[in-house]
Amino acid sequence: MKLLRRLLKVQAGLWFVWSVAIGLVPRWVLEDLFGQPVLADYVWVRAAAVMGVVLALLMVLVAQRIDELWWWSWAFALLAVGTATVFALNAMFGVPADSDAWPFWALAVVNGGLGAGLLVGMGVGAKVGRRSGSCVIAG
């Protein structure tokens, strides 16, 4: 469970930093840093930033009580794999000609790695729990 706890905290930290950055300075992050086109309105980006901060808080709460709430990790793994898929598909097929694709590839790799790590962490936790009898993850 240590691996799962650490990964959730790392994922929460990344979500928090990313959300605060796009919430406070969305134009700088998206246009200047990531080379994306100008948006007409940034209210949706800021709303997503608020959601990201709340999501990070939930990840930390689950990490603190991972022995009882391990199954919540499935939701975070699905989030990571799902966003990795969306970012990769966008990088392949949806980036406008005047925009950079590297931010989407980077986000796909980071989220895919976190999703895979969470799945491995749940698998390791399941094996340890079955051996020790202290934490039953499956069945």
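Tutor: Let's start with a definition: a residue is buried under 20% relative accessible area, exposed over 50%, and partly exposed in between, using a 1.4 Å probe and protein chains only. This is a predicted model, in which local features need pLDDT of at least 70, side-chain atom pairs count only at pLDDT 80 or more, and totals for chains, interfaces and linings use all residues. Residues are numbered from 1 along each chain as its sequence is written, and side-chain values use heavy atoms, leaving out hydrogens and water.

Student: Why does Phe-104 count as buried?

Tutor: Its relative accessibility is 16%, so Phe-104 counts as buried.

Student: And what makes Phe-87 partly exposed?

Tutor: Phe-87 has 22% relative accessibility, so it counts as partly exposed.

Student: Why is the pair of Phe-87 and Phe-104 called tilted?

Tutor: Rings of Phe, Tyr and Trp (its six-membered ring) pair if their centres lie within 6.5 Å; planes under 30 degrees apart count as stacked, over 60 as edge-to-face and the rest as tilted. Here the centres are 6.4 Å apart and the planes stand at 40°, so Phe-87 and Phe-104 form a tilted pair.

Student: How many aromatic pairs does the structure hold?

Tutor: There are four aromatic pairs.

Student: Why is the pair of Trp-18 and Phe-34 called stacked?

Tutor: Their ring centres lie 5.6 Å apart with planes at 20°, so Trp-18 and Phe-34 are stacked.

Student: Why does Phe-34 count as buried?

Tutor: Phe-34 has 13% relative accessibility, so it counts as buried.
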